[in-house]
Amino acid sequence: MGSHARVAALLAGVLGSGLLFASTWPLDALVPRGRLGPGFWPRLVLIGLALACLLRLREERRARSGDAASPGVLPRVSVSRLALGLACILAYVIAAPQVGFALATAAFIAAFMVVAGARRMPGIAATALLGTVILLYTFIKLVYLPFPKGAGPFERVTLALYRALGIF
């Protein structure tokens, strides 16, 4: 894709995000004041998309002015890492209903970090645990989303974890 086409696509991404953002306001019409409505998360994603497009536009501008070391050269994709990353995602989707959101998420974060190249186990463990706790508080405590608790003994573990964290 040429430079002009990339710039046009990124500008379309910013403009499209803005238009879609504006279209989310009616989603919150029936929500009581002070509560998050169904439009909150789409708006958050659209803000992220617009920011990502703007940052990429800045990179494109720098590449045009010669500031970039080697514009247009993409790093080589490791097919094995890509396949392992996709396998992690598939395993997460399959495992979450059985082992529960909390345990599946912690395992997924750790596994995906290893596939991505992280090697320091203390950092991997801390990120997996902290990331899972942040997701639990955000989606269960703040947004009230019901996530799978797991089956059999995993449900008891999940409920004990929720109680220990003050979620339930």
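Q: Is Arg-6 buried, exposed or partly exposed?
A: Burial is read from relative accessible area: buried means under 20%, exposed over 50%, and partly exposed in between (1.4 Å probe, protein chains only). Arg-6 has 28% relative accessibility and counts as partly exposed. The model is predicted: local features need pLDDT of at least 70, side-chain atom pairs count only at pLDDT 80 or more, and totals for chains, interfaces and linings use all residues. Residues are numbered from 1 along each chain as its sequence is written, and side-chain values use heavy atoms, with hydrogens and water left out.

Q: With which residue does Arg-6 meet in a salt bridge?
A: Side chains of opposite charge can pair when their charged atoms come close. The rule for a salt bridge is a side-chain nitrogen of Lys or Arg within 4 Å of a carboxyl oxygen of Asp or Glu. Arg-6 pairs in this way with Glu-60, at 3.1 Å from N to O. Arg-6 is in helix α1 (residues 3-23) and Glu-60 in helix α2 (residues 40-65), so the pair ties together parts that are 54 residues apart in sequence. Helices are DSSP runs (H or I, at least four residues), numbered from the N terminus. Glu-60 is buried, at 5% relative accessibility.

Q: How many salt bridges does the rule count?
A: The count is three. One of them joins Asp-28 and Arg-43, with the closest N and O atoms 2.3 Å apart. Asp-28 lies in the loop between α1 and α2 and Arg-43 in helix α2, so this pair ties together parts 15 residues apart in sequence. Asp-28 is buried at 17%, and Arg-43 is buried at 9%.

Q: What separates Arg-56 and Glu-59 in helix α2?
A: They are three residues apart, which means a separation of about one helical turn. Their side chains form a salt bridge at 2.8 Å, N to O. Arg-56 is partly exposed at 36%, as is Glu-59 at 46%.

Q: Which residue makes a polar contact with the side chain of Thr-105?
A: A polar contact is a pair of N or O atoms within 3.5 Å; within protein, one must be able to donate a hydrogen and the other to accept it, and residues adjacent in sequence count only if both atoms are side-chain atoms. For Thr-105 the partner is the side chain of Tyr-92, at 2.8 Å. Thr-105 lies in helix α4 (residues 101-116) and is buried, with a relative accessible area of 3%.

Note on methods:
Helices (H or I, at least four residues) and strands (E, at least two) are DSSP runs, numbered from the N terminus.
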